[in-house]
Amino acid sequence: MFDSLVERPADAIIALMEMAKADASPKKIDLGVGVYKTDDGATPIMRAVKQAEGLYLTEEQTKSYVSTIGNADFRKHMVDLIFGVDYPALTEGRIASAQSTGGSGALRIGAELIKSSGKEPIVWVPTPTWANHTPLIGSVGLEIKSYPYYNRETLGVDYVDMLDHLKANAKPGDVIVLHGCCHNPTGADLNSAQWDRVAEFMRDQELVPFIDLAYFGLGDGLTKDTYGLRKVGETCPEVILAASCSKNFGLYKERVGLVAAITTSPDQARLVQGQFGALQRRLTSMPPDHGAAVVARILGDAALRQVWLEELTEMRGRIKDLRKDLSNALRVQGAEAMAAAIIDQNGMFSTLPLSVAQVHVLRAEHSVYMTNSGRINIAGANSHNIPALAEAILAVL
Ligand code: LMR
């Protein structure tokens, strides 16, 4: 059986992560995989998480199965956190949700839900998008197409082209993947006025938004980072959401996420919720509980929640400071546009206007690791490495 298998191409981000790990150079600057790092380059466990884990260790009574839709407290707290307790679709009982195995699990269940509808819509993803969107969503057998999003000349969102392209090519019922905030890989986000327009456009064109909310809390704060999702959910009848706790709770390896759907009625929400459970059962049976129990403990305890909010604010502030420092270090003749874009962009990533050849020189000669597209994880920069990083980037320009 195995002799018929062929080598699969390596995932770009995972391969880069391994390459950076293997480089023992003391001057190494790893701007690859999207994990938050402190000024010393460490990814420590958040204080709120450590405290919640300590409490949970003594409180936990059983390791028995939870459920195919996961931890109920986790789901409730996450839905309240993301949408707000007064959100109309929530108070009207029109939101279905399930805990998922990370944001990727949420994307997969969302894609399975789309496939289960039997309607065979095309799923549209932005150009560029997270490297795993197409393999992950496409693996359920859905057709994927791309719409213009990031303009590598202006280093901003190609908003007019995006809507024109979708208007000309997407048909009613098609699904549009949108990054809720902190666009991965570019950091170029829609502003509030653009979200308002996109929401109306989706409604008028009868398109279904599928929002990937992997980095909320790390852009402009929890409220602003969820603005687009909430706007779209108030405007369009049906919305699918994939949210992650990997980054904002630093729970990467615990694999905690939430898939949710805004539906048109409580009956439909019950139906979708049942689908979520059945789909998860078919995929992995049940999601792991530890991370979800920790998130539920933090969000359900006023003191722990406060600790978490303060840490998240610190992390977000640090990312913004790093953007300023890197931008200042790059503000020389020939790199002004790049320096300005780094400030304008949002969240953990920016995509620098570098060619693949320049990225390879950065890797080979300067031990600076970023994806071939020029995506950098801003949190991989720090006060010690920014001068060398800026010098290396300017050297390859
Ligand atoms: C990233 O984009 O670097 C993260 O979302 C990690 C991953 O799995 O790709």
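The shell around the ligand takes at least three residues from domain 1 (11-45 + 304-396) and at least three from domain 2 (65-300). Please keep in mind that this is a predicted model.

**The ligand site**

Which residues are around the ligand? They are I13, V33, G34, W130, N184, Y215, K247 and R375. Sorted by class, this shell holds four nonpolar, two polar and two charged residues. As for its place in the protein, the ligand sits in the largest pocket.

| Residue | Side-chain atom | Ligand atom | Distance |
|---|---|---|---|
| R375 | polar atom | oxygen | 2.8 Å |
| W130 | polar atom | oxygen | 3.0 Å |
| Y215 | N or O atom | oxygen | 3.3 Å |

How much of the ligand does the protein bury? On its own the ligand exposes 260 Å², and the protein buries 79% of that area.

How many cavities of 30 Å³ or more does a search of the whole structure find? The search finds one. The largest cavity has a volume of about 30 Å³.

Its lining is made up of P126, Y147, Y149, L178, H179, H183, L190 and W195. By class, the lining of the largest cavity counts six nonpolar and two polar residues, with no charged ones. For the shell around the ligand, the class count includes two charged residues.

Definitions and conventions:
Residues numbered from 1 in each chain as written. Predicted model: local features only at pLDDT ≥ 70, side-chain atom pairs only at ≥ 80, totals over all residues. Heavy atoms only, no water. Near = heavy atom within 4 Å. Polar contact = N/O pair within 3.5 Å; in protein donor to acceptor, adjacent residues only side chain to side chain. Areas by Shrake-Rupley, 256 points an atom, 1.4 Å probe, with all protein chains shown as cover. 1 Å grid on protein atoms, 1.4 Å probe; cavity = no way out; pocket = protein on both sides within 12 Å on 5 of 7 lines; lining within 4 Å. Sits in = over half its atoms within 2 Å of the grid points. Nonpolar A, V, L, I, M, F, W, Y, C, P; charged D, E, K, R; others polar. Domains from an automatic or database assignment. Points joined across faces, edges and corners; volume = space filled by probe spheres on them.
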